[in-house]
Amino acid sequence: MKKKLIAGNWKMNGGLAANEALVKGLLAGLGTPACDVAVAVPSPYLAQVQGLLSGASIALGAQDVSAFASGAYTGEVSAAMLKDFGVRYALVGHSERRQYHGETDAVVAEKARQALASGITPIVCVGETLQEREAGQTESVVKRQLAAVIHVNGHCISEIVVAYEPVWAIGTGRTASPEQAQQVHAVLRAQLMAATPHADRVRLLYGGSMNAANAAELLAQPDIDGGLVGGASLKAEDFLKIIAAAQ
Ligand code: PEP
């Protein structure tokens, strides 16, 4: 059976002092987790958090990766650079990147490819907006987003992690019900099964206002293999409760 993965997404939050306090709080309460744990931190703090996590059972993650390998792309951070700082996972295609930075499915797929080429596991985020859900387009949207990645990375699709994050549930306090989440996860699993015999190995995370109170029920769904956690990953106590729910 695959281990669950609980990944925190700090987004554009934190600072040297706050990061240190948060990581120390996590390490103080973590023990030996039964699930895999990661934190995706802002790029300037990768070195700091790498140091704080040294020898700990929390993996380092990035929140984005360039679609280019190197060169004249001012402001971009390549997968190889992330690898230099011990990055194990990189979020790609988070809805905030798609929404505010115009990332298309093709760009997201290229980012996933770059990450894989450097030995970094991409956590590919997919999810529908409220408008799309209300128009009955949830399935077609997430299938299109996942198909772009399957298509580009055909041979190594089993090495990715997929996060289903309904856009209307991110940072809103409005979580998808366990049934709503499971329904979409089952669609994604079926799509992966059709693409690779190793689809069972792919971890499908749920993200969108996951917290200490709702995590256990979400994580008990058959096709939910972990969580991508934003707001609740910024407090050690809350994040530790979610990790405990994934045991
Ligand atoms: C996220 O940023 O991926 C996320 C799920 O945020 P939140 O948990 O705050 O909804």
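Trainee: Which residue in β7 stands opposite Val162?

Mentor: Happy to start there. This is a predicted model, in which local features need pLDDT of at least 70, side-chain atom pairs count only at pLDDT 80 or more, and totals for chains, interfaces and linings use all residues. Residues are numbered from 1 along each chain as its sequence is written. Strand β6 (residues 161–164) pairs with β7 in the parallel sense over 4 bridges, and the residue opposite Val162 is Leu204.

Trainee: What counts as a strand, and what counts as pairing?

Mentor: Strands (E, at least two residues) and helices (H or I, at least four) are DSSP runs, numbered from the N terminus. Two strands pair if DSSP finds at least two bridges between them.

Trainee: Through which helix does the chain cross from β6 to β7, and what is the handedness of the crossover?

Mentor: A crossover is called right-handed if, with the strands pointing away from the viewer, the path from the first strand over the helix to the second runs clockwise. The β-α-β crossover from β6 to β7 goes through helix α8 (residues 178–195), and its handedness is right-handed.

Trainee: Why is β7 described as largely enclosed by the rest of the structure?

Mentor: A residue is buried if 20 or more other C-beta atoms, placed from the backbone, lie within 10 Å of its own; it is exposed at 12 or fewer, and partly exposed in between. Strand β7 covers residues 203–207, and it is largely enclosed because the buried residues number 4 of the 5.

Trainee: Which residue in β6 is the bridge partner of Val124?

Mentor: Strands β5 and β6 run parallel and are joined by 4 bridges. In β6, Val161 and Ala163 point one way while Val162 and Tyr164 point the other way, and all are buried. The partner of Val124 is Val162.

Trainee: How many residues does the largest nonpolar core have?

Mentor: In soluble globular proteins, nonpolar side chains tend to be buried together. A nonpolar core here is a set of buried Ala, Val, Leu, Ile, Met, Phe, Trp, Tyr and Cys residues joined through C-beta atoms within 7 Å. Val162, Tyr164 and Ile242 are among those with the most contacts inside the largest core, whose residue count is 75.

Trainee: Which residues does Ile242 touch, not counting residues up to four places away in sequence?

Mentor: Two residues are in contact if their C-beta atoms, placed from the backbone, lie within 7 Å. By that rule, Ile242 touches Ile6, Met210, Ala212, Ala215, Gly227, Val229 and Ala232.

Trainee: Which residue in β4 stands opposite Leu60?

Mentor: Strand β4 (residues 87–92) is mostly covered, with 5 of its 6 residues buried. It is joined by 3 bridges to strand β3 (residues 59–62), and the two run parallel. Leu60 stands opposite Val87.

Trainee: Which helix lies on the way from β3 to β4?

Mentor: That stretch is a right-handed β-α-β crossover. The helix it passes through, residues 79–84, is α3.

Trainee: Is Ser209 buried or exposed?

Mentor: Ser209 is found in the loop between β7 and α9 (215–219). Its phi is near 55°, a positive value in a residue other than glycine. Most residues other than glycine have a negative phi. With 20 C-beta neighbours inside 10 Å, Ser209 counts as buried.

Trainee: Which residues around the ligand are the closest?

Mentor: A residue is near a molecule if its C-beta atom, placed from the backbone, lies within 6 Å of it. The ligand is surrounded by 14 residues. Counting Ala, Val, Leu, Ile, Met, Phe, Trp, Tyr, Cys and Pro as nonpolar, Asp, Glu, Lys and Arg as charged, and the others, Gly among them, as polar, the shell divides into 5 nonpolar, 7 polar and 2 charged. The closest are Ile170, Gly171, Gly207, Gly230 and Gly231.
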